[in-house]
Amino acid sequence: MQPKQYPVDDDRLFAVWQQFVATGALDPALDPIVAMSWQRCILRNNPHVSRDLPCISRTELDDRRHKLAPLIALARPFMEDIYQFVEGTGYVVVLFDASACVLDMLGDSTMQQQAEAVGLRPGAYWNEGHAGTNAFGLALYERCPIHIVGAEHFFRRFHTLSTSAAPIYDWEGKPIGVLGMACLASASTSSTLATVHAAARAIEHQLHADKLFNELNTQRTQLSAIVEAISDGLIVCDQAGRVVHMNVRAAQILGMKRETAVGRPLSASVELPQVVAEAMRQGVALIDAEVRFQVHELQVGCLTSLIPIRWQVDRVKQIEGFIVTLRRLDLVHRLVQRMVGARSNFTFASIIGESHAINQVRRQAQAAARSTAPVLITGESGTGKGVLARVIHNESTRAEGPFVTVNCRVLPRDLVVGEFLGYDIGAFQGNGLQGQPGKFELAHGGTLHLEEIEALPLEMQAALLRVIETGEFMRLGAQRVTSVDVRLIATTSLDLERLVLHGDFRADLYYALGRITIRLAPLRERISDLPLLIRDVLERMRRQTGRAVSISYDAQQMMRCYHWPGNVRELENVLERAASLTDTGMIEVGHLPDVIRGRSSETDRTFDPHVPALHEAEYEAIIRAARACRGNATRMAQMLGIGRTTLWRKLKAANISLDDFKASPRSGARSTRRIV
């Protein structure tokens, strides 16, 4: 039924169904899609027979969910968003695979029980052949959004339901699943079809974006290999003339070492010809100019081109750098221009917090930045290990070098060695492989960041240890040793020492990586940093969206009582979600998730292992005194048993303003007090 046909005449629709079942006659007013489905179903099914729908076993369902994990992971947030708006109205939101098998369900408990009673449960098949006419199976069959109400369902036992569904397609246009909603027919509305249709399209767009992102990463890796493999010299400079990249051939042509040139102005390594220097100053292109470079006592003649790299910012094109070619490179010009990309600006200031734990991390990071030894960063998921690794790189002497991140868990085990060591020319006969640099070479002169180092196979751990000790390795199929200058930063959320004891991680590699070990404390252990973290996240959101959002005092206090299993990453997600829900620019308690508002299970509350630290208890005492004394510093000092000078020092350290507590209780200002 199309939404425009509302309101539904249930008696009339049931009479049409009875007429078809009894005589095979179809009412001309019946939806053509429904009519054709009835005609297909009547040939093989009895509409009055109530039999259980086929359902796969729990093991098969888990296996199917594992194979379709990317789809489920993308669809689940949209399902939760839909349910958030229809919660309590008797709806369930359902995700199916391409065979109309139920993968995931979310909805009101009462409606879920009623749905399961008629066979709508995980693992059940709802295709037309088993469940007759229904929106979920028809959406796959017709490849369009479908809405089926009451007696439009072929089987009599589904007449109490209203189902809406829309198919989900992959980037090739192939259906990979269905997103649907179900409720009682008496509660059906015309808006559910539009809701599932919009959500299905959003899931498709995210799937397409993820594929494009992966393709972009692949292209970037290939581009880096191409630049090193080409036989002509190529130099990339930033807008100030500093060398960002120089390939091996360019160093050979100019008779210089890349290590001494990269990061320095090109004019400091060679004497630039006047025509090249003038073109760089004016920001104009230079094509195939015959020039001579003065390198020490040697004159080097080259056919040189210079191409400005222009970026458009606010409709104004700005020069971000130059590409210098030392022979004709017409076929690779477009590819090379992609080399100069945006760099992250993480610094020590990006380590947010003033707690003892985070101050210790900051001091350790500063020491690591001054050192060249490998660094091992440990901590729970979401604590910011990747950010800290980037901070150490950016604040080190290798800041101008590459920062290559590799997640050891996602690399295929059979290919992991080749990914790190690379392949030499002719390494494999008959496969057309012409050589490929590995991660060590790509990170030469910079930092190699190894995420989830515990997933690295033992055979690769041996090669990694050799690079740490000697700075040398051999490509697969190579006959010569390659030397690299790479600083290693490894991160893990597991206990490597325990893995060593179990034989799953090499002890010598663990000790080599652990020369500098930094532990990032979970957020629950540095809860006093929460106000500063909230302020940083909201400020970052303001810069990104242009919308200023604040948080009320009560909302922040409630967040302090939460144990934050997802750490800083969870905090960012909570604030982004809450900011999207507020219309006033003020995050209130009602905008926080249920789990933070204390609606988690009784078990979670009973067994919460978190005990406030001394500085947290001190913070709470100051807050309570400020409330009781309405911001009067003298009375607060007397109540707390400390001097006014000590009180002011603690207020400054905790970032507490007494002005926030001087509002009259009758004004109700406390519930909406701005903290950030």
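This is a predicted model: local features need pLDDT of at least 70, side-chain atom pairs count only at pLDDT 80 or more; totals for chains, interfaces and linings use all residues.
## Cavities

Searching the whole structure turns up two cavities of 30 Å³ or more. The second largest cavity holds about 40 Å³ of space, and its lining is made of Val49, Arg51, Leu53, His130, Phe155, Arg157 and Phe158.

Moving on to open space, the second largest pocket takes in about 970 Å³. It has 33 lining residues, and Gly384, Lys385, Gly386, Val387 and Glu572 sit closest to its centre. Several elements give two or more residues to this lining: the helices α15 (385-394), α21 (530-545) and α23 (567-581), along with the strands β15 (447-451) and β18 (487-492).

## Helix α14

Helix α14 runs over residues 356-370, and its length checks out: 15 residues at 1.5 Å each should span 21 Å, and the end C-alpha atoms are 22 Å apart, which agrees.

Its buried residues are Ile358, Val361, Arg362, Ala365, Ala368 and Ala369. These cover an arc of only 125° around the axis, so they fall on the same side of α14. Over on the other side, His356 and Arg370 are exposed.

As for pairing, β3 runs antiparallel to strand β4 (residues 161-169), and four bridges join the two. One of the residues involved is Ile148, whose bridge partner in β4 is Thr163.

## Two positive phi angles

Ala100 is worth a look in the backbone: its phi is near 65°, a positive value in a residue other than glycine. Ala100 lies in the loop between β1 (92-97) and β2 (102-107). With a relative accessibility of 1%, Ala100 counts as buried, because the cut-off for that is under 20%.

Glu452 also has a positive phi without being glycine, this time near 50°. You'll find Glu452 in the loop between β15 and α18 (458-470). At 26% relative accessibility, Glu452 counts as partly exposed.

Conventions. Residues are numbered from 1 along each chain as its sequence is written. Side-chain values use heavy atoms; hydrogens and water are left out. Two strands pair if DSSP finds at least two bridges between them. On a 1 Å grid over the protein atoms alone, a cavity is a set of points where a 1.4 Å probe fits but cannot get out, and a pocket is an open set with protein on both sides within 12 Å along at least five of seven lines; lining residues have an atom within 4 Å of a point. Grid points are joined across faces, edges and corners, and a volume is the space filled by probe spheres set on the points. The expected span of a helix is 1.5 Å times one less than its number of residues. Buried means under 20% relative accessible area, exposed over 50%, partly exposed in between (1.4 Å probe, protein chains only). The arc is that of the directions from the helix axis to the C-beta atoms.
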